[in-house]
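Q: I have a chain open on my screen and would like to go through it. Can we start with the terms and then look at the parts?

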Amino acid sequence: GLIHLHLWDIAYRHVKTLDQLFLVQVAACLVLAIALLATRHVLVVAAAWLLMAGTIVGFLLARSVGIFGFKLTFTSGLANTVLIVEIAGVIMLAITGLVMRRVDSRA
């Protein structure tokens with residue numbers, strides 16, 4: 001979420017529709033991070049997973065065919081780093097969700 005706030009500030013603040021979506025992403029990440037810490041519930045893990053996976057899909061669409069009338073023609077090193085972080089997050093959340101389901105099913 002903080003990475004998207006930074007990207008919004010330096011690059012996407014004036015891109016129609018994406019500017020607002022970047023801020024929604026920041027807020028959703030903050031809410032889900034707090035909810036994960038507070039509840040440690042598998043549904044919150046699933047919601048965080050969906051948010052991160054959706055972010056990856058959005059990036060890939062922006063890079064290939066475009067999204068909401070915007071096509072990303074240049075990808076910076078920061079954007080590639082964010083993609084790697086998002087992929088790692090999706091993998092870690094998937095593992096966390098599977099472990100939590102196994103623990104819950106044993107209880």
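A: Start with contact, which means heavy atoms within 4.5 Å. Of the contacts in the chain with a separation of 6 or more, 56% are accounted for by residues 24 or more positions apart.

Q: What kind of model is this, and how are residues numbered?
A: This is a predicted model, where local features need pLDDT of at least 70, side-chain atom pairs count only at pLDDT 80 or more, and totals for chains, interfaces and linings use all residues. Residues are numbered from 1 along each chain as its sequence is written, and side-chain values use heavy atoms, with hydrogens and water left out.

Q: How many helices and strands does the chain have?
A: Four helices and zero strands, running α-α-α-α from the N terminus on. Helices (H or I, at least four residues) and strands (E, at least two) are DSSP runs, numbered from the N terminus.

Q: What does the C-alpha trace span?
A: About 50 × 25 × 20 Å along its principal axes.

Q: What share of the chain is buried?
A: Buried residues make up 35% of the 107 residues. Buried means under 20% relative accessible area, exposed over 50%, and partly exposed in between (1.4 Å probe, protein chains only).

Q: Which residues have the most contacts inside the largest nonpolar core?
A: Tyr12, Leu18, Phe22, Phe70 and Leu72, in a core of 26 residues. Helix H1 (2-12), helix H2 (18-39), helix H3 (42-64) and H4 each supply at least two residues of this core. H3 gives the most, with nine residues. A nonpolar core is a set of buried Ala, Val, Leu, Ile, Met, Phe, Trp, Tyr and Cys residues joined through side-chain atoms within 4.5 Å.

Q: What does Phe70 touch?
A: Tyr12, Val15, Leu18 and Ala62, not counting residues up to four places away in sequence.

Q: On to H4. Why does a span of 44 Å make sense for H4?
A: H4 has 30 residues, and at 1.5 Å a residue they should span 44 Å; the end C-alpha atoms of H4 are 44 Å apart, which agrees. The expected span of a helix is 1.5 Å times one less than its number of residues.

Q: What covers the buried residues of H4?
A: The cover includes H1, H2 and H3. Among the buried residues of H4 are Val82, Leu83, Val90, Leu93 and Met100.

Q: Is Leu93 buried or exposed?
A: Leu93 is buried, because its relative accessible area is 13%. Leu93 touches Leu36, Val45, Ala48, Trp49 and Met52, not counting residues up to four places away in sequence. Leu93 and Trp49 are 44 residues apart in sequence, yet 5.8 Å apart in space, C-alpha to C-alpha.

Q: Now the loops. Where is Arg40?
A: In the loop between H2 and H3. Arg40 is exposed, with a relative accessible area of 64%. Phi of Arg40 is near 50 degrees, a positive value in a residue other than glycine.

Q: What about phi of Phe68?
A: Phi of Phe68 is near 55 degrees, also a positive value in a residue other than glycine. Phe68 lies in the loop between H3 and H4 and is exposed, with a relative accessible area of 53%.
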